[in-house]
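Have the sequence and the 3D view at hand as you read.

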Amino acid sequence: MRLEIQCEDRIGMVREALDLFIPHQIDMRLVEVDTKRRCIYCGFSDIPFPKLQRLLADIRRLDSVEDVKTVMFTPSEREHNALYTLLEALPDGVISVDLKGHITMVTELAAEDLQVPISELLHKPLQQFIKGIHFSKDTWANPKEGISKRIRIRHKTLLLEMKPIFVSDDEGVANPAGTVIYVKSKVRLDRQAESLKQAPDAENPLESYFQPAVRKSPSMRQTLNQAKAFVDVPQPLLVQGETGTGKRSLIDALFQYWHKRHGERDASLIVRHARDLTKADIEAFDNLSGWIVIEEIEYLSESMQIEIMNWLTRQPSMRLVSVSSLSQAQLADGTRLNKALYFALATLVLSMPPLRERKEDIEGLVQQIVVAQSERHRQTVPSIAKNAIVKLALYDWPGNLKELQNICLQTLLTQKTLWLAEDIHVPQLNAFAEMALVNDSLEQTVKQWEAELLKRLYPNFPSTRRLAKAVGMSHSAIANKLKEYGIKT
């Protein structure tokens with residue numbers, strides 16, 4: 001329990017307040033004075049409510065006390081936890097030691113590098129956990145400048161970057177108070193460098209957001225060609241595609257590309273859901289520049305549809321981009337949208353292809369997703385076997401990119417650094433769900449399964465060489481199997 005006592009800053013105030021806790025037999029655990037806020041903070045174990053009421057009444061009767069109330073934490077506790085949260089969010093581990101080299105603070109990542117639980121590290125000499133390297137007393141007691149040391153712990157290479165901690169006294173003299181150590185690992189540095197290479201180029205967002213490896217499919221190439229053609233045209237744009245195909249990501253990339261080309265400083269990307277859009281929003285758009293994105297346009301009320309139609313007739317300075325997971329036929333049938341409004345919104349239409357039409361992009365998408373997720377969750381970037389990619393390519397992905405991201409994250413957190421087909425769990429493939437033993441023969445069953453597999457793969461890899469590379473077999477072997485199973489090439 002924490003109390004905040006707001007009072008005048010006078011001599012003896014703290015003593016008078018603390019004396020009141022003695023009759024109530026309260027064991028103080030924390031006392032903190034904040035002169036800027038004119039507050040005294042007291043921390044102690046929870047007490048029954050009637051006792052708390054009597055204590056608060058006694059404190060309020062003290063001369064110079066203006067208010068007293070319970071609080072969740074003190075300012076220093078908040079600052080300590082905010083700092084610790086920040087340190088935990090860093091890409092590498094952090095250790096703090098006192099002037100004797102004893103550990104006073106350590107993050108989870110640093111404890112993982114040392115392969116010792118945090119509870120066993122605190123208040124112990126750091127030297128105890130790093131063998132084979134000597135830290136002199138002056139390293140901790142009289143640190144003059146930063147020091148870097150390279151060490152190995154259980155076959156793991158680590159770089160320790162040590163910086164001294166100084167605390168100024170009342171006269172402004174900086175006195176050494178310990179050392180903070182930044183723990184870098186070679187594995188993490190390699191992963192960060194790889195992530196930097198994989199990251200989209202902020203100077204060229206549209207081109208680099210969709211790397212060549214993830215736009216091999218004809219459908220995605222067509223979408224991107226249309227996107228570049230439409231980006232500078234001010235007419236309304238409808239972005240249509242199934243749920244999870246990445247429509248918003250494409251719009252974000254298009255806006256960045258447009259903004260860079262036109263350089264309008266005040267232009268902004270405003271996103272509203274159709275259900276939340278109001279008449280006041282529409283009126284405010286007249287004074288703004290940039291793009292307004294309305295998600296799930298089919299949920300616009302009749303009154304808002306009229307407002308948008310009237311707004312469009314005024315030739316606004318903002319470009320209207322509408323988004324929907326419904327097909328163009330569903331949007332144009334007049335049951336959800338006024339037909340006149342639909343055709344105004346669909347002046348230009350950009351369709352995001354579903355993942356089942358982007359089978360050639362699966363490998364590149366998986367690599368892109370896994371690199372990003374590995375960095376976020378501090379995991380080693382895994383290698384992915386060809387048979388795993390083939391298994392993913394066979395699945396129809398009703399949840400599109402979002403489902404692929406979910407499957408990759410689940411596999412990343414539960415599997416080893418090499419992903420095989422059996423490590424990846426996707427819903428049962430419909431084509432083989434009901435397959436039974438053929439003529440009581442395993443050989444015939446395997447051949448039938450292989451034939452079905454190649455029939456499904458061939459349209460996505462329409463040449464014997466491309467198919468052979470996809471499944472990891474020789475060109476001649478695949479050619480013979482396609483001939484045997486009557487699959488036209």
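Start at Val 366, which is buried, with a relative accessible area of 0%. Here buried means under 20% relative accessible area, exposed means over 50%, and partly exposed covers what is in between, using a 1.4 Å probe and protein chains only. This is a predicted model, in which local features need pLDDT of at least 70 and side-chain atom pairs count only at pLDDT 80 or more, while totals for chains, interfaces and linings use all residues. Residues are numbered from 1 along each chain as its sequence is written, and side-chain values use heavy atoms, with hydrogens and water left out.

Val 366 belongs to helix 15, which covers residues 362-376. Helices (H or I, at least four residues) and strands (E, at least two) are DSSP runs, numbered from the N terminus. What does Val 366 touch, not counting residues up to four places away in sequence? Its partners are Ile 384, Leu 392, Leu 404 and Cys 408, where contact means heavy atoms within 4.5 Å. Leu 404 sits 38 residues from Val 366 along the chain, and 7.7 Å separates their C-alpha atoms.

Our next stop is Asn 400, in helix 17 (residues 400-414). Asn 400 is also buried, with a relative accessible area of 0%. A polar atom of its side chain lies 2.9 Å from the backbone nitrogen of Leu 355. For reference, a polar contact is a pair of N or O atoms within 3.5 Å; within protein, one must be able to donate a hydrogen and the other to accept it, and residues adjacent in sequence count only if both atoms are side-chain atoms. Leaving aside neighbours within four places in sequence, Asn 400 is in contact with Leu 355 and also with Glu 242, Thr 243, Gly 244, Thr 245 and Pro 354.

Strand 10 (residues 237-240) runs parallel to strand 14, and four bridges join them; Leu 237, for instance, has Leu 348 in strand 14 as its bridge partner.

Another open sheet has four strands, ordered 2-3-1-4, with antiparallel pairing. Its edges are strand 2 (28-34) and strand 4, each with a single partner strand, so one side of each is left without a neighbour in the sheet. The twist here averages 15° from one strand to the next. Helix 2 (residues 49-60) packs on this sheet, touching strand 1, strand 3 and strand 4, and its direction makes about 155° with that of strand 4. Helix 3 (residues 75-89) packs on the sheet too, touching strand 1, strand 2 and strand 3, at about 95° to the direction of strand 2.

Look now at the pairing of strand 1. Strand 1 (residues 2-7) pairs with strand 4 (residues 65-71) in the antiparallel sense over six bridges, and Glu 4 stands opposite Lys 69 in strand 4. Strand 1 also pairs with strand 3 (residues 39-44), again in the antiparallel sense, over five bridges. In strand 3, Cys 42 is the bridge partner of Leu 3, and Gly 43 is that of Arg 2.

Finally, step back to the whole protein. There are 20 helices and 16 strands, and 42% of the 489 residues count as buried. Among contacts between residues at least 6 apart in sequence, 62% join residues at least 24 apart.

Notes:
Pairing = 2+ DSSP bridges. Axes fitted to C-alpha atoms, helices over the stretch in contact; angles between N-to-C directions.
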